[in-house]
Amino acid sequence: MTKQNLMSLPNPFHTLQTFSVNGASHKFYSLPALEQAGFNVKRLPVSIRLVLESLLRNCDGKRVSEPAIKALGTWAAKAARTEEIPFVVARIVLQDFTGVPLLVDLAAMRSAVTKLGKNPKIIEPLVPVDLVVDHSVQVDFAGSAAALAKNLELEFSRNRERYQFLKWGMQAFDTFKVVPPGIGIVHQVNLEYLAKGVLHAGGIYYPDTLVGTDSHTTMINGLGIVGWGVGGIEAEAGMLGQPVYFLTPDVVGVQLTGALREGVTATDLALTLTQTLRQAKVVGKFVEFYGPGAAALPVVDRAMIANMAPEYGATMGFFPIDAECSNYLRATGRDEQHVALYEAYYQAQGLWGIPQQGEIDYSQDLALDLASVVPSVAGPKRPQDRIELPNLQREFFAAYQRPVNENGFGKLRADFSKSVKVETTAKKKARISSGSVVIAAITSCTNTSNPSVMLAAGLLAKKAVEKGLKVNPAVKASLAPGSRVVTDYLKKTGLQPYLNKLRFNTVGYGCTTCIGNSGPLDSNVEEAIVKNDFITASVLSGNRNFEARVHQNVKSNFLMSPPLVVAFALAGRVDLDLSCEPLGTGKDGAPVYLADLWPSLAEVRDAMQSALKPEVFRKLYKNFAAQNPKWNEIPSSIGNVYEFDAKSTYIQEPPFFANFGLTPGSIKPITGARALGIFGDSVTTDHISPAGAIKKSAPAGKFLVESGVAFEDFNSYGSRRGNDRIMTRGTFANVRIKNLMLGGEEGGNTVGPDGAKVSIYDAAMAHQKNGTPLIILAGQEYGTGSSRDWAAKGTNLLGVKVVVAQSFERIHRSNLVGMGVLPLQFKEGTTAQTLKLDGTESYDVVGLDASIKPQQDLTLKITRQNGAVENVSVRCRIDTPIEIDYYQHGGILPYVLRQIVARN
């Protein structure tokens, strides 16, 4: 931006001022200056003030208006939320599972404008975009020194076509950059490298803000940076200059006091807050931490808590800016002059320091004494279901017998004691039963970004090896650090060899098991599990443990700290009380207890001295190409318009812009809809659009076989998201999804138009052939989990016009609107079950027309088989005025494309 353009920017509240640092003056939009305009800025939550700065800086009378600034500047803690915020972010981060389909959409938009006779370069990101390739590596090989190289080799072999496409994107779009495979996990790379804290452009300094196409983008909140996860379609709009719109949020203040006790980890704290905040119903709200306990936490602990914001349902889990943030920036190799500028900027903004009790007005106040936190795990199916460690044995046994519709496994008590002997393919003998641990993974940015818990795992492994303990042969153990820095300090401390001896060899630098890329189990072990229907377990230091996410045949999954992952791998079972039962027998024949192995805080602190060295970060986060020869070998096509290959099974031009025209559609009633599926509570985006393995018998598997793809080359659903033909077939294809139209039977099936049981995909195609619109009915928390835009894209392409649920998770509701699918919400006390719906009915949405208002009540007219009619009041969950525009245009991308074409 030129100085002339800068001075021509609207400055209605006279907040454009200067601050000084390093002997120079810099311009910025001052929040304290708003006090002189009558705004009580000091009482606003810090997260709200940072969003307010974006509005001030981007006020142009079009995207951002003066009334929008006034509305947010007068935010009241207890007010009703009706105002829409147009938030213009500074940058966007992507991971490859969501980034590749986003790039496919951008390529399709360029094709569309080219067909209209326009310059394809009018489709260009207006903010910096960083894509980190971290979701593609799978744990095909584990437990050996060669695992890392072998998994990387397979990753490049499987994903060569996708990576070629990413390289095309790098040359086609000016602001699009890629961090190649083998570097780390997007959120850890963002925290350790990409984030700057304060940015500048056109002579103006401003806060680092972002959105990302992964729900755990919130990890950056631990560094005092505003950011959260959005769907890929919303991120595309943000790239192309569209603000991220959201309703003015409630802000929940969480006062932290005290300190963690000996033997308690930051993971235990994160799981405790996840349970507490989920129970407090913080869905769609900002959560802001304050108080002496928050101020005492290092950034790596704060980042773990912030990372879990999607699990507790919040838009953000935000920690304000203070000296700990500066310490982290220095420790991770940021330039000292930049850190000084960072400190001066936030001091000038009045945003320096963690607030204390009574200084800020919050919509709701909660408190937690850190001294009350105890060792915990979470599971077996949801991250918010925390279990205190001594209670795990009892809770697992209870879940084993609980009905499936009550989050249990529906098994008979008499079957619990059944076990079988197995000889692994490596000729090792093991015994398998329900409760056996078969996957133990130190994985996920949530934990691997924190040296304290990673070093604790290494120290525990050292003590275990010294006592002669070994990991059960049936356990597939793996270590997947979120960055290469972890490998550096585990080697320097001498702890990696002990992890290796317990088969926790490094398998890759990526999400691996946490995203579902756990790879195959030993074939003999898996055969025993399936044949006997055992409820075996995975233990992982991840953030998600939804059904069939980690592995399709491992039904119970427990989140825990890295040292506990090692401990349970040694024990080989989850149905025991590690607080008083031994986890093994030492070489001296004596029982070994968890307390014998657990490292003290002093031991962890001593090891930490080697963990964070600025020069290591600087070395490992530069010249990625030189450090990754396999990436350099990938060729790139050139040109501004991508030439789609009709034979490709990875990249296809999506149908979203087929027959694209400049005139939007109209909003009108939906009539004669039939149910495609009726689901219960907590249907996740993993259920709707799985990311893991593709079954040969599934519609997507059959399509790949018909396309000449061998089963061993299927790869995963996540890697195939650039191909709508596969992803549409994969929608609702999760092996654990339960369709109540079939009595709750597991698997992606339903009742077709002729009354026969068929796959959901085949039923949808039959309905489409008949011209019948479709409806999905569901319970509480529909769409919880990952910010998976294909969960909405696939829903749209199946022909679903409306989803009615008891409640929606924030991102998925937004994604549905963004794809032109109508979200409706049952009123309190009304469910598909109370209405006795079974899928034989037809449905009309009455009152849907051009006069629709956000969150307006509509009527769902239900006509039963016998002709009886029932009218049910439902709430339209198109929440904001801009979303009405999106819905009328058939989705956010057609809306944005029409705006761009009109301007050019």
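## Strand pairing and the open sheet

In this predicted model, Gln17 stands opposite Phe28, a residue of strand S2. The two strands concerned, S1 and S2 (residues 24-29), pair in the antiparallel sense, and six bridges connect them.

S1 and S2 belong to an open sheet of four strands, whose order is S1-S2-S8-S7 and whose pairing is mixed. The edge positions are taken by S1 (16-21) and S7 (198-201); each has a single partner strand, so one side of each is left without a neighbour in the sheet. On average, and with direction ignored, neighbouring strands of this sheet are turned by 40° against each other.

## Helices across the sheet

Helix H2 (residues 46-57) lies across S2 and S8 (204-207), and runs at about 150° to S8. Helix H13 (residues 336-348) lies across S1, S2, S7 and S8; the angle to S1 is about 140°.

Helix H17 spans residues 484-492, and its buried residues are Arg484, Val485, Val486, Thr487, Tyr489 and Leu490. The elements covering these buried residues include the helices H6 (186-194), H15 (445-448), H16 (451-466), H18 (496-501) and H23 (614-620), together with strand S21 (476-479).

Just after H17, the backbone at Gly494 adopts a positive phi of about 75°.

## Backbone exceptions in loops

Most residues other than glycine have a negative phi, and most peptide bonds are trans.

The peptide bond joining Gly379 and Pro380 is cis, with omega at about 10°. Pro380 is found in the loop that runs between strand S16 (376-378) and strand S17 (386-388).

Ser444, a residue other than glycine, has a positive phi near 85°. Ser444 is located in the loop between strand S20 (437-442) and H15, and H15 is itself among the elements that cover the buried residues of H17. Because buried means under 20% relative accessible area, Ser444 counts as buried at 2% relative accessibility.

Ser682 likewise has a positive phi, near 55°, in a residue other than glycine. The loop that holds Ser682 lies between strand S26 (670-678) and helix H25 (685-688). With a relative accessible area of 16%, Ser682 is also buried.

Methods. Residues numbered from 1 in each chain as written. Predicted model: local features only at pLDDT ≥ 70, side-chain atom pairs only at ≥ 80, totals over all residues. Heavy atoms only, no water. Buried < 20%, exposed > 50% of the residue type's maximum accessible area, 1.4 Å probe, protein only. Contact = heavy atoms within 4.5 Å. Pairing = 2+ DSSP bridges. Axes fitted to C-alpha atoms, helices over the stretch in contact; angles between N-to-C directions.
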